[in-house]
Amino acid sequence: MHLRSPVPPRRRPRTRAARAALAIAAAALLAPVIAGCGDAGGLQAAGSTPTAISPDRLWPDLTPASSPAFEIGEVETEAVKGIAVPDGDIHRVDPVAVVRAEIAASPGDYGDGAYDETARRMADCGKGGARGRDCPVLKAYYRDLTGDGHDEMTLGFRQLPGNLTAVRVYTVRKKTLVQVMAYEDAVSGVELAGRSVIIRSPSEVAGYEYRLQWTWDQQQHAMLLTHDEMLRTGSRKPVSRKSASLTPTATPARSPSPSMSTFTSTPPSLSPSPSASASASASGR
């Protein structure tokens, strides 16, 4: 049997008095809104919203690569041989001894025609006066970069001749000193922020600099290069990079890279190495 849908009841027309009452109530409600729009602190239009543009995928028929073209060793770590970590405390490791161990492990990189001046100046570390200031090892800084509640050691040293700076990060695993990040370049500033090491380097383009950021990765147990960008800093003269024979590298390999270096001071919360006071910090850097 077909059922007819119910017919809604007809509305009773409002009387003139009812309509007048509704008009007065609506005006009373709108009055403060209209008045508020004229206030200095009222809402203002932010302008038109730009149209969203979806990204265009180029060469959709190109076969995706399944392996990298170049091996740059992003997650390589290295146990430092010959360096003891008393009680597993990285604060008790001598930064100068760590740099000497690196030089001993890579004689080709610090021999004649390479960074031989760095190797010679290591003899000045720990000495007072002008000779002590020639020590290429910079002051070490300590911060928990892995989130395990223990400090890591960030140190730098000059790669001479030239004005290159090597930046290294070390952690301790089972009382063994392990290098988890290595980079060398023309360095204009180094910062520690959270779980990251940020390195700023001069650019050939006037008014710009390179900003590279390494961040601790819990899965790889290493510092990974997570940001590599070029940022505007203002107008200044471009810096020549002709003094280097090779391009910079983000790997633990000791390849030459561009010129100029300054290992900037870090915030007061980063405590300097106690062992560097008689050696690395004697350089006054």
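Predicted model: local features only at pLDDT ≥ 70, side-chain atom pairs only at ≥ 80, totals over all residues.
A residue counts as buried here when its relative accessible area is under 20%. Tyr110 has a relative accessibility of 4%, so Tyr110 is buried.

The ring centres of Y110 and Y115 lie 5.8 Å apart. The ring planes of Y110 and Y115 meet at 50 degrees, so the pair is classed as tilted. In general, two values describe such a pair: the distance of the centres and the angle of the planes. The search of the whole structure returned 2 aromatic pairs. Y183 and W214 also form an aromatic pair. Their centres are 4.8 Å apart, their planes stand at 50 degrees, and the pair is tilted. Y183 belongs to strand β5 (residues 176-185), whereas W214 belongs to strand β8. The contact therefore ties together parts that are 31 residues apart in sequence. Y183 is buried, at 3% relative accessible area. W214 is buried as well, at 2%.

Strand β5 was examined next. Of its 10 residues, 9 are buried, so β5 is largely enclosed by the rest of the structure. The β4-β5 pairing is antiparallel and comprises 9 bridges. Within it, R173 has T176 of β5 as its bridge partner. The two strands form a hairpin with 2 residues between them. K174 sits in the turn and has a positive phi of about 55 degrees. The pairing of β5 with strand β1 (residues 78-84) is also antiparallel, over 3 bridges. Here E78 is bridged to Q179 of β5.

Strand β4 spans residues 164-173 and contains R168. The relative accessibility of R168 is 0%, so this arginine counts as buried. R168 also takes part in charged contacts. Salt bridges with shared partners link E102, R168 and E184 into one network. The side chains of R168 and E102 are joined by a polar contact of 2.9 Å.

Four strands are arranged in the order β6-β7-β8-β9, and their pairing is antiparallel. The edge positions are taken by β6 (189-193) and β9 (222-232), each of which pairs on one side only. Neighbouring strands of the sheet are turned by 20 degrees against each other on average, direction ignored. L192 has V197 of β7 as its bridge partner.

The structure contains 9 of them. One joins E191 to R200, with the closest N and O atoms 3.9 Å apart. The cut-off for such a bridge is 4 Å, so this pair is counted. E191 has a relative accessibility of 35% and is partly exposed. R200 is partly exposed too, at 23%.

Another salt bridge links R211 and E229, with a closest N-O distance of 3.2 Å. R211 lies in strand β8 (residues 208-217) and E229 in strand β9, so the bridge ties together parts that are 18 residues apart in sequence. E229 is partly exposed, with a relative accessible area of 29%.

A further salt bridge connects D124 and R131, whose closest N and O atoms are 3.0 Å apart. D124 is buried, at 9% relative accessibility. R131 has a relative accessible area of 46% and is therefore partly exposed.

Methods:
Residues numbered from 1 in each chain as written. Heavy atoms only, no water. Pairing = 2+ DSSP bridges. Axes fitted to C-alpha atoms, helices over the stretch in contact; angles between N-to-C directions. Salt bridge = Lys/Arg side-chain N within 4 Å of Asp/Glu carboxyl O. Buried < 20%, exposed > 50% of the residue type's maximum accessible area, 1.4 Å probe, protein only. Polar contact = N/O pair within 3.5 Å; in protein donor to acceptor, adjacent residues only side chain to side chain. Phe/Tyr/Trp six-rings, centres within 6.5 Å; stacked < 30°, edge-to-face > 60°.
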